[in-house]
Amino acid sequence: MSGSTAVRTPRRVAFASAIGTTIEWYDFYLYATASALVFNKVFFSSVDPATGTLAAFATFAAGFGARPIGAVVAGHLGDRIGRKAVLVGALLLMGGASTLIGLLPTYATIGVLAPTLLVVLRTLQGLAVGAEWGGAAILTVEHAPPGRRGWFGGFTQIGSPAGMLLATGVFWVTRTAAGPEAFLAWAWRLPFLLSVVLVGVGLAVRLRLRDAPEFQRLRDQGGVARLPVLEVLRAAPVPVLLTTGLRLSQIGLYVMLTTYGLSYISANLGEDSDAGLIAVVVSSAVSIGTTLVWGRLTDRFGRKRPYLFGAIGAVAALALFFLAVDTGSTVLIVLAVVLATSVFFDAMAAGQPAWFSELFPLRLRYSGVSLGYQIGSVLAGGFTPLIAAALVLAGDGRPWWVLLYYAGLAAVTITCAALARETAFEERLDRA
């Protein structure tokens, strides 16, 4: 690809990363929303509602369980052949799986085969996300100039709230326009089928990307690792463990609010309540801006201070969310979710692309970043809605056992943030 058509500048790479990750997260979060509000009714209709909700969240967890496998495969390929090729493959895999979910027959049509196929497709989504984030984050950070890696890395992270905003917004509009009966009967499929169009847009942008010059030189000189995943576990196990621990509080808070939180709101305010979807839409819109602000702050004050602030404050923010739901006030629920995500969650999330990338050497970076990020996603993301639902049932509908569980996740993250090396002011990123 010629230099005139390939994307080279940090700004263009950051924009392309934001577009690509938005589309990837749209597909992934769309499933999360549907698992809370739809799948227990259309794929697990043979059991009581509470058990159906647990089963739907179990399929949600299957996607997270596949993410480390995607990270291993993508890390190996990304550290050997390049970041761009893996990102294109991840986009195609995610889009194909989402489209097929939109075409999947329900339990009433084909019985137990329906939830079985749903788990298979969710697993493919997990493989795609396992490949996606590390590559997008690294590609953006490796193109960024010293002193601004937090800012440019933030563009990778806005794909998450933008994807959530798009997924929840499309879901909300579809449900409102079709009405409850038609939505459950067939209209829930439309947001999944929209993935075909979005993938086309993402490919048009992503195919113009190029790997950073530092990686291209490493590859051309034959300096790539032969088995990068094994080598990073042998040469840099501590950064892998630290990035895993840093993920726990951050991803745990997000799925607690945007996945389990929707189910908790429906159980307390009624299934026709839109309070949860409104809260997610508003908070996602706000986070597109606040993520970039926090990313820039990590360049100025370091990666560690904002992260500690976010992890400590997130516990109180989650408690405020549960209290807000108890009031039944949509306004208070929205404010609680915005506070938790735009202040405390974003304080942790914004600096992750830069901090995680800076903790690993160039030749092992894709493998190291992806492994730590995705293992943390499984431990605190995939199983959190299922654990939360079980803890609330055990607590007679009260959420305080859930809060205690989350405080444990936060304690691990705080410890890892305190132990991790401060990297914000290091000039070089291309150490092999």
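Which residues is Gln374 in contact with, leaving aside its neighbours within four places in sequence?

**Entry on Gln374.** I began here, keeping in mind that the model is predicted. I looked up where the residue sits and found Gln374 in helix α19, which covers residues 365-382. Leaving aside neighbours within four places in sequence, I listed Arg67, Pro68, Ala71, Val129, Gly130 and Trp133 as the residues in contact with Gln374. I then checked the accessibility, and because the relative accessible area of Gln374 is 0%, I noted this residue as buried. One of the listed contacts, Val129, also has its backbone oxygen 3.2 Å from a polar atom of the Gln374 side chain.

**Entry on Gly276.** Next I turned to Gly276, which I found in helix α15, running over residues 275-301. Its relative accessibility is 6%, and since buried means under 20%, I wrote Gly276 down as buried. When I left aside the neighbours within four places in sequence, the contacts of Gly276 were Leu262 and Ile265. For Leu262 I also looked up the spacing, and the C-alpha atoms of Gly276 and Leu262 lie 5.2 Å apart, although the two residues are 14 residues apart in sequence.

**Entry on the nonpolar cores.** Lastly I looked at the largest nonpolar core, which has 115 residues, and noted that those with the most contacts inside it are Val38, Phe39, Phe43, Trp188, Leu318, Phe321 and Ile333. Helix α14, residues 237-269, gives the largest share of this core, with 14 residues. I also recorded a second, separate core of seven residues, among them Ala14, Phe152, Phe155 and Ile158.

Technical notes
Residues are numbered from 1 along each chain as its sequence is written. This is a predicted model: local features need pLDDT of at least 70, side-chain atom pairs count only at pLDDT 80 or more; totals for chains, interfaces and linings use all residues. Side-chain values use heavy atoms; hydrogens and water are left out. A nonpolar core is a set of buried Ala, Val, Leu, Ile, Met, Phe, Trp, Tyr and Cys residues joined through side-chain atoms within 4.5 Å. Buried means under 20% relative accessible area, exposed over 50%, partly exposed in between (1.4 Å probe, protein chains only). Helices (H or I, at least four residues) and strands (E, at least two) are DSSP runs, numbered from the N terminus. A polar contact is a pair of N or O atoms within 3.5 Å; within protein, one must be able to donate a hydrogen and the other to accept it, and residues adjacent in sequence count only if both atoms are side-chain atoms. Contact means heavy atoms within 4.5 Å.
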